[in-house]
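This report considers how helices pack against one another and how one side chain is placed among its surroundings. Two packed helices are described by the angle between their axes and the distance between the axes.

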Amino acid sequence: RRSNNRPGEARTLNFLGLISHQQGRWAEAETAHRNSLAIWRAIGDHRGEGHTLKHLGRIVQLRQGYGESAALCQQALDLLREVGDAPGEAKALTYLGNVYRFDGRSDQAMAVYEQALKISRGVGDRYDEGAILRRLGQIHQQRGRWVEAKEAFQHSLAIWRSFDDRY
């Protein structure tokens, strides 16, 4: 704080929040992201605010349910669109789709996943493309649309295999 590097402080709080999330310490993660969010808002950085809202939406979904989580993801989406951050927009759409999917709103989930897929393909983000295709496959599978599910899963698998990732 002595250097008055507020963006650095906000980014670091987000990283701490992500670590807490990965460790299952939801309350700690939420606090870190909310503190980061306050900094981004205070300095007027909409890109930082959007990314933090996206992370916060995931945590809130795990802790409290879908209503506030969907609102946070939508706010993130709006801000990231506003600043022209296409990869961030795709992530926010994916997180919003997750909220809808786990809340039983599969039609809405499909619609936002399709938007996220289009953007991910447009920016060449193969990793997210594979992840989104897997999510679409899961919805098709739940609906008994076996051909569509298989096609989505096969396309996702081909992408994952192209990474030659052994982990």
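Helix H6 (residues 106–123) and helix H7 (residues 126–142) pack with their axes 9 Å apart and at an angle of about 155°, which makes H6 roughly antiparallel to H7 (angles over 145 degrees count as roughly antiparallel, under 35 as roughly parallel). This is a predicted model, in which local features need pLDDT of at least 70 and side-chain atom pairs count only at pLDDT 80 or more, whereas totals for chains, interfaces and linings use all residues. Residues are numbered from 1 along each chain as its sequence is written, and side-chain values use heavy atoms, with hydrogens and water left out.

Among the residues of H6 that meet H7 (contact means heavy atoms within 4.5 Å) are Met 110, Tyr 113 and Leu 117, and the H7 residues include Ile 132, Leu 136 and Ile 139.

Helix H1 packs with helix H3, and the angle of this pair is therefore classed as roughly parallel. In this contact, Asn 14, Leu 18 and His 21 of H1 meet Thr 52, His 55, Arg 58, Ile 59 and Leu 62 of H3.

| Helix pair | Angle | Axis distance |
|---|---|---|
| H6 and H7 | about 155° | 9 Å |
| H1 and H3 | about 25° | 11 Å |

Ser 69 lies in helix H4 (residues 67–82) and, at 0% relative accessibility, counts as buried (under 20% relative accessible area, with a 1.4 Å probe and protein chains only). The Ser 69 side chain reaches the backbone oxygen of Gly 57 at 2.6 Å. Leaving aside neighbours within four places in sequence, Ser 69 is in contact with Gly 57, Val 60, Gln 61 and Val 99.

Technical notes: Axes are lines fitted to C-alpha atoms, for helices over the stretch in contact, and angles run from 0 to 180 degrees between N-to-C directions. Helices (H or I, at least four residues) and strands (E, at least two) are DSSP runs, numbered from the N terminus. Angles under 35 degrees count as roughly parallel, over 145 as roughly antiparallel, 65 to 115 as roughly perpendicular and the rest as oblique. Buried means under 20% relative accessible area, exposed over 50%, partly exposed in between (1.4 Å probe, protein chains only). A polar contact is a pair of N or O atoms within 3.5 Å; within protein, one must be able to donate a hydrogen and the other to accept it, and residues adjacent in sequence count only if both atoms are side-chain atoms.
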